[in-house]
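Subject: Structure handover

Hello,

Here is the structure for you to look over. My notes on it follow below.

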Amino acid sequence: MPITLTDARGRTHVFAQAPKRIVSLVPSLTATLFDLGQAQRLVGCTDYCELPTGYEHILRLGGTKNPKRFAIRDLRPDLILVNVEENRRHDAEWFEQAGIPVFATFPRTPAQALAEIANLATLCDAASDPTLHERLQQAQARLDVLERRRQALTGPRVRFFIAIWK
């Protein structure tokens with residue numbers, strides 16, 4: 001049965017089967033693939049991805065802003081994972097012109113992050129894992145508690161900014 005998903009750019013992707021060879025250009029998505037038990041699909045990741053012991057064979061392919069395009073292309077991945085904010089659009093377009101599907105993420109809320117995890121599980125044919133469903137439900141329940149607490153607060157809302165790059 002084909003897998004059909006729409007990415008954060010609004011592009012619909014149809015896969016005849018789950019991608020077997022994935023390059024992740026987003027450290028958090030690399031970690032999510034490991035957490036989903038799908039590390040065997042990873043053939044490449046960024047220099048910034050943290051890999052557990054035993055996965056040193058996964059190639060390091062540059063950073064999020066300077067991926068080694070030709071090395072990635074030559075790996076012949078079935079899919080490249082990117083993030084709209086973290087990766088450069090012209091890199092994603094370059095890969096697509098080279099005939100490699102690019103799936104973009106861009107969660108802006110915790111609920112959207114959970115939906116992206118579910119999408120990644122679907123993409124890897126891991127969505128039927130009962131523990132995943134349970135873990136997503138637990139995370140959603142925690143988010144619901146936090147939202148209720150937030151709504152119960154009175155007083156002015158405090159805005160803040162956290163810089164994560166120089």
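Helices (H or I, at least four residues) and strands (E, at least two) are DSSP runs, numbered from the N terminus. Read that way, the chain runs β-β-β-α-β-β-α-β-α-β-α-α along the sequence. That makes five helices and seven strands.

Two notes on conventions. This is a predicted model, where local features need pLDDT of at least 70, side-chain atom pairs count only at pLDDT 80 or more, and totals for chains, interfaces and linings use all residues. Residues are numbered from 1 along each chain as its sequence is written, and side-chain values use heavy atoms, with hydrogens and water left out.

Overall picture

The C-alpha atoms fill a box of roughly 55 × 40 × 35 Å along the principal axes. The chain has 166 residues, and 36% of them count as buried. Buried means under 20% relative accessible area, exposed over 50%, and partly exposed in between (1.4 Å probe, protein chains only). Contact means heavy atoms within 4.5 Å. Of the contacts with a separation of 6 or more, 43% are between residues 24 or more positions apart.

Nonpolar cores

A nonpolar core is a set of buried Ala, Val, Leu, Ile, Met, Phe, Trp, Tyr and Cys residues joined through side-chain atoms within 4.5 Å. The largest one has 26 residues. I22, L33, L79, L81, L120 and L123 have the most contacts inside it. Two or more residues each come from β1 (3-6), α1, β4, β6 (79-83), α4 (110-123) and α5 (130-152). Helix α4 gives the most, with four residues.

Take L79. Leaving aside neighbours within four places in sequence, L79 is in contact with F15, P19, R21, I22, V23, P101, V102, F103 and L123. A second, separate core has 14 residues, including I72, I80, V102 and A104.

Aromatic pairs

How many aromatic pairs does a search of the whole structure find? There are three. Rings of Phe, Tyr and Trp (its six-membered ring) pair if their centres lie within 6.5 Å; planes under 30 degrees apart count as stacked, over 60 as edge-to-face and the rest as tilted.

F34 and Y55 are edge-to-face, because their planes stand at 90°, with the ring centres 4.8 Å apart. F34 lies in helix α1 (residues 27-35), and Y55 in the loop between β4 (42-45) and β5 (59-60), so the pair ties together parts that are 21 residues apart in sequence. F34 counts as buried because its relative accessibility is 18%. Y55 is at 28%, so it counts as partly exposed.

W94 and F95 are also an edge-to-face pair, 5.5 Å centre to centre with 85° between the planes. Both W94 and F95 are buried. Ring pairs link F70, W94 and F95 into a cluster.

The A18 loop

Is A18 buried or exposed? A18 is buried, because its relative accessible area is 11%. A18 is found in the loop between β2 (12-15) and β3 (22-24). Not counting residues up to four places away in sequence, A18 touches I3, R41, L123, C124 and D125. A18 and A126 are 108 residues apart along the chain, yet their C-alpha atoms are separated by 9.2 Å.

Best wishes
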